[in-house]
Amino acid sequence: MPRLARVPSAVALRATRIAPADGFDIALPTPGALTVQEELSFLCSAGSRAAARRRHGARLAELFFQMDRFDDAIDALRTADLPRSYDRLMLLGAAHLARKTPDDNAAAHVAFTSACEMAGTPGQLAQALAEVGKVLLRLNKTRDARTILLQAMSADPANADAFRRLALLDLKTGRAQDAFEWSEMLIARDIVHTHLLVMRALALTALDRIDEARAAFGLARFGHEGELPAPDGWSSIATFNCELAAEIRNHPALRYGRTDTAAVASWRVDTPLLRRSVLFPQLLSVLKREIVAHVTSLAAGRDAFSGLRPHRAMLNAWSVLTLDDGYEDWHIHPSGWFSGVYYVEVPAAVRAGTERHGCLAFGAPPDIVGSRQAERLGTHLFRPQPGRFMLFPSHNYHRTYAHGGSECRICVAFDVVPDNDRPTADRHGDGLAL
């Protein structure tokens, strides 16, 4: 049975869930004035590059990091005339880790270890320790990683990254029972987050407790499929989708590829909602109505997922465009409570197909739970159609398959992000990896 060191009561209290009331509402994000690319271009053009990095070093580093320009992010942090701080050390470590070289792994270890020394709260210490654990896992120092991750959990039992890496390490080393007992112990302490929900479900799958695993994923109970009604003023959803597809294709933030996401060979718009956007705000408004209607229709439950239902939430959305070989690998949406996808444009061969090509699939990754257990759990296949959407609990593992055709598949993915102090993880919001 895993053990968790006793922590001060203040830490345990801060980690406790807040039980939601009957009300539920979603806020739409404030549209941005500039894309990340545009802000970065503006700051870099404000005088010489060296001068810009001295004046705007911290912000430039954040923007470079978001654009996967890790060399520039590291250079900006080193060039800027800024005092060392916890946040900058964490960003420096993340940028080094993203470059994935032996020297960068060592540099990341130094940065995260230094961040531990500068941590001002148990939560900051736990997060820095969780990142040290990530480096050690990458170096295959699993025993040292386990020790550090246990320290992170002792500092803050609610740290989602530390729990995820510890539980995933157990699952991948044949200790599924330990991963399950970890999750049960935290639930008993009223500490629940999306990573805990998925690890508990994966542990049950690996233990061959398939019916319990299906109930823990909750797709059959909480999932929802539907047709999106046309926004006000539009004669049909097909007409709206045609114009929306053009807006997405011409979006100034459209980019190919993204580090540390589940997307493979895909185009993305990470921040589609801008002040100049015309159709995207209309889409989000209609999606909001559908999500609120579905969530409020759910019967009250005493399960852990229902207990995480927030009073208020933010709707965070992005768009993915895939051609013949593009797909999404197995992932969850760790920052969300509910998640979903809306299909704007779907190749004809996918719409009329009978195979899995181009489809969305829910299940469990065989490399985590085992091939036989993943097969026993089964796969739920959702065939995309323009104008259709699907809602699902954010802790459900899912993936897509390449469609192999010359046409484009365009979807809008979204998360219902609780508006509270729950711990978050994974900068992109749609990946789960050590």
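Helices (H or I, at least four residues) and strands (E, at least two) are taken as DSSP runs, numbered from the N terminus. The model described here is predicted, so local features need pLDDT of at least 70, side-chain atom pairs count only at pLDDT 80 or more, and totals for chains, interfaces and linings use all residues. Residues are numbered from 1 along each chain as its sequence is written, and side-chain values use heavy atoms, with hydrogens and water left out.

The protein chain holds 19 helices and 11 strands. Of its 434 residues, 53% are buried. Buried means under 20% relative accessible area, exposed means over 50%, and partly exposed lies in between (1.4 Å probe, protein chains only). A contact is defined as heavy atoms within 4.5 Å. Among contacts in the protein chain with a separation of 6 or more, 77% are accounted for by residues 24 or more positions apart.

A nonpolar core is a set of buried Ala, Val, Leu, Ile, Met, Phe, Trp, Tyr and Cys residues joined through side-chain atoms within 4.5 Å. The largest such core has 99 residues. L171, L202, L283, F338 and Y342 have the most contacts inside it. Helix 11 (residues 194-206) gives the most to this core, with nine residues. L171 touches A176, A179, M199, L202, A203, A206 and I368, not counting residues up to four places away in sequence. A second, separate core has 19 residues, including V36, F65, F70 and A73.

Helix packing was examined next. Two packed helices are described by the angle between their axes and the distance between the axes. Axes are lines fitted to C-alpha atoms, for helices over the stretch in contact, and angles run from 0 to 180 degrees between N-to-C directions. Angles under 35 degrees count as roughly parallel, over 145 as roughly antiparallel, 65 to 115 as roughly perpendicular and the rest as oblique. A crossing is left-handed if the near helix is turned anticlockwise from the far one by less than a right angle, and right-handed if clockwise. For residue classes, Ala, Val, Leu, Ile, Met, Phe, Trp, Tyr, Cys and Pro count as nonpolar, Asp, Glu, Lys and Arg as charged, and the others, Gly among them, as polar.

The axes of helix 5 (residues 86-99) and helix 7 (residues 122-138) come within 12 Å and cross at roughly 15°. Helix 5 is therefore roughly parallel to helix 7. The crossing is left-handed. From helix 5, Y86, M90 and L97 meet Q124, Q127, A128, E131, K134, V135 and R138 of helix 7. The residues of this contact divide into five nonpolar, two polar and three charged.

Helix 7 also packs with helix 9 (residues 160-172), at an angle of about 30° and with the axes 8 Å apart. This makes helix 7 roughly parallel to helix 9. Helix 7 passes helix 9 in a left-handed crossing. Here Q127, A130, E131, K134 and L137 in helix 7 meet D161, A162, R165 and L169 in helix 9. Four nonpolar, one polar and four charged residues form the contact.

Helix 9 packs in turn with helix 11, at an angle of about 10° and with the axes 9 Å apart. The two helices are therefore roughly parallel to each other. A160, D161, F163, R164, A167, L168 and L171 in helix 9 meet H195, L196, M199, L202, A203 and A206 in helix 11. By class, this contact has 10 nonpolar, one polar and two charged residues.

Several single residues were also examined. N105 lies in helix 6 (residues 102-118). It is buried, with a relative accessible area of 7%. N105 touches L97, K100, V135, R138 and L139, not counting residues up to four places away in sequence.

H357 sits in the loop between helix 17 (348-351) and strand 7 (360-362). Its relative accessible area is 46%, so H357 is partly exposed. H357 touches V350, R383, Y401, A402 and H403, not counting residues up to four places away in sequence.

Most residues other than glycine have a negative phi. D190 has a positive phi, near 65°. D190 is found in the loop between helix 10 (176-188) and helix 11, and is partly exposed at 26% relative accessible area. D208 also has a positive phi, of about 70°, although it is not a glycine. Its place is in the loop between helix 11 and helix 12 (210-217). D208 counts as partly exposed, at 26% relative accessibility.
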